[in-house]
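Please have the sequence and the model open while reading.

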Amino acid sequence: MSEIFHIKSYSHIKNQTVSVNGQTIYREESEDFSIFIKNAYKFLKTGYPKFFKMDNLSKLAFLAADVLLKDENLNEEENNIALIFSNKASSLDTDRKHQAAIENEAEYFPSPAVFVYTLPNICLGEISIKHRLYSENSFFIFDRFNAEHLQLYANNLLRRGKAEKVLCGWVDFDKNSYEAFLYLVENEGEIVHNTEEITRLYKTL
Amino acid sequence: MAKTYLSYNNIFSSLGFDSESVVENISKGVSGLDRYEDASLLPEPFCASLISSKKIEDEFNKIGDASKFTKLEQMMILSLKKVVDASNTPLNEKVGLVISTTKGNIDILEEDSNFSESRAYLSELGKIIQNFFGFKNEPIVLSNACVSGVMAISVAKRFISEGKYDHVFITSGDLVTKFILSGFNSFQALSAEPCKPYDKNRIGINLGEVAASVLVTSSTENFPKEAMEILGDATRNDANHISGPSRTGEGLFRSVKAALNEANITSGEIDYISAHGTATPFNDEMEAIAFSRLGMEHVPLNSLKGFFGHTLGASGLLETIVGMHSMEKNILFSSKGFSELGVSKNINIIKRNIPTNLHTFLKTASGFGGCNTAVILKKRTTNQP
């Protein structure tokens, strides 16, 4: 197997904008994340009602992955695309909601529908269910986007034959500030998979 | 590819503050679980494995100022320090640090916490541990639900394999908090009695708190007697449900297959399975189905949740370390809480401690988000297949 891998496509969701390979495909007037992401979902004809049950982090990660994976002609039964995601705030946005529901005795009302999203890797499960990914998935926490660790980890999975492709990146949601950057790594593609290129693409928008 | 090994290790738990005392208690059948009535944690009685904050502080004050560190930080630092000291490995540029936790310092979100909210960020937890010891590299924090502890071994192995590090220290830890208890209770998943993995009368899980640490190394010298080689590892998603296990055990089945494939051994060469066994009806049944599909019904298997409860992001590493000592002692430890089979497949649950020759074991874990991780370990001293 080739030791040089390539970035086939990439997506950004930030500043009320969804873009694929550096081209804006949707822009929203509203600065409110819930309005923006719902309108983006509709505009992109995502057609996946489970989306509305997801928490903010999962909605962000799901849509950033969906705009790339829907162009991949995926198998309806199963696909071996690993997911290596990272962020800074883990699931703190939803953690704070669960904490608010248990803080005071008088208003003690924890909800399983909220609690299940108090793990950052739940968004990997959501993407795996939609795209039939019976594959490697890992969620890392870093202080800031860390191209080197993602690149090494993706290379290892591809070199060792643990995955056919790897979808990597950063999906962070914290106090209504949000940012997603995902990129798909495989054998074929125009952009060489190294830390310089990953960093360049991350900063493209 | 260079071989990688699990080497020096520590368990910091209600059963003791080092691996040897903890394993000694397990061999005697002593459980760390107790019944608690503490409305500040949960409005109703619960059963858990807790470590007294006072005991941890007394221990920590021997090496630093406990008032500057959270309970979890103290536990993880105390645990990791034993491993760093025992291994005598200089912390240079080729030494990595992996931190495995599901919720970290989540108790800081409570209104009466003495620490600022920024401390709830997992990268802050990583920095505090890095700075205490003076690690040269930024820590890699892994937060992948209940498979985190086993997956941390994969992560360490993979970074060593890429030549980034020669040695990786892993420390893992999670606390029993109001946050976690209320959440699992809202799922009606908690048992108020000591849990009974795979048993007919199992009704749910107990939670536990622990810190566990290990050195993963490519070095071929300076090993403790329980050191083991990592033969294979894999993670697979169920692609089925975010909070319920697959009814066919699909992800677990696939993760074990892939790990066996990398280890280049057959399931017949596995002497022991250290399984997840949370004692919820669905989890244990799912595991039984997966192991049956793998043709591993006869392989002796236990869950250690009856000793520690479910320790979340630390459980996989904790249970791997106990497995290493079980191998070294050539004793299979009984699956505490089990008496009568309560799953649909005839899996071989260990009912009492069994002395026997042991070489190779499989550690598995499954978690929310549909993730499943398997790691296969082999005694360092035995010949390669």
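The model is predicted, so local features need pLDDT of at least 70 and side-chain atom pairs count only at pLDDT 80 or more, while totals for chains, interfaces and linings use all residues. Residues are numbered from 1 along each chain as its sequence is written, chains are lettered from A in the order in which they are written, and side-chain values use heavy atoms, without hydrogens and water.

**Domains**
- Chain B consists of domain 1 (5–217) and domain 2 (230–379), with bounds from an automatic or database domain assignment.
- Their C-alpha centres are 20 Å apart.

**Contact and buried area**
- In chain B, 62 residues of domain 1 contact 60 residues of domain 2, contact being heavy atoms within 4.5 Å.
- About 4900 Å² is buried between the two domains, 68% of it from carbon and sulfur atoms; this is the accessible area (1.4 Å probe) lost on putting the parts together, summed over both.
- Cys146(B), Tyr198(B) and Arg202(B) supply 18% of the area that domain 1 buries against domain 2, more than any other three residues.

**Salt bridges**
- The domains share 5 salt bridges (a side-chain nitrogen of Lys or Arg within 4 Å of a carboxyl oxygen of Asp or Glu).
- Lys200(B) and Glu340(B) form a salt bridge at 3.5 Å, N to O.

**Domain 1 side**
- This side has 30 nonpolar, 23 polar and 9 charged residues, with Gly counted as polar and Tyr and Cys as nonpolar.
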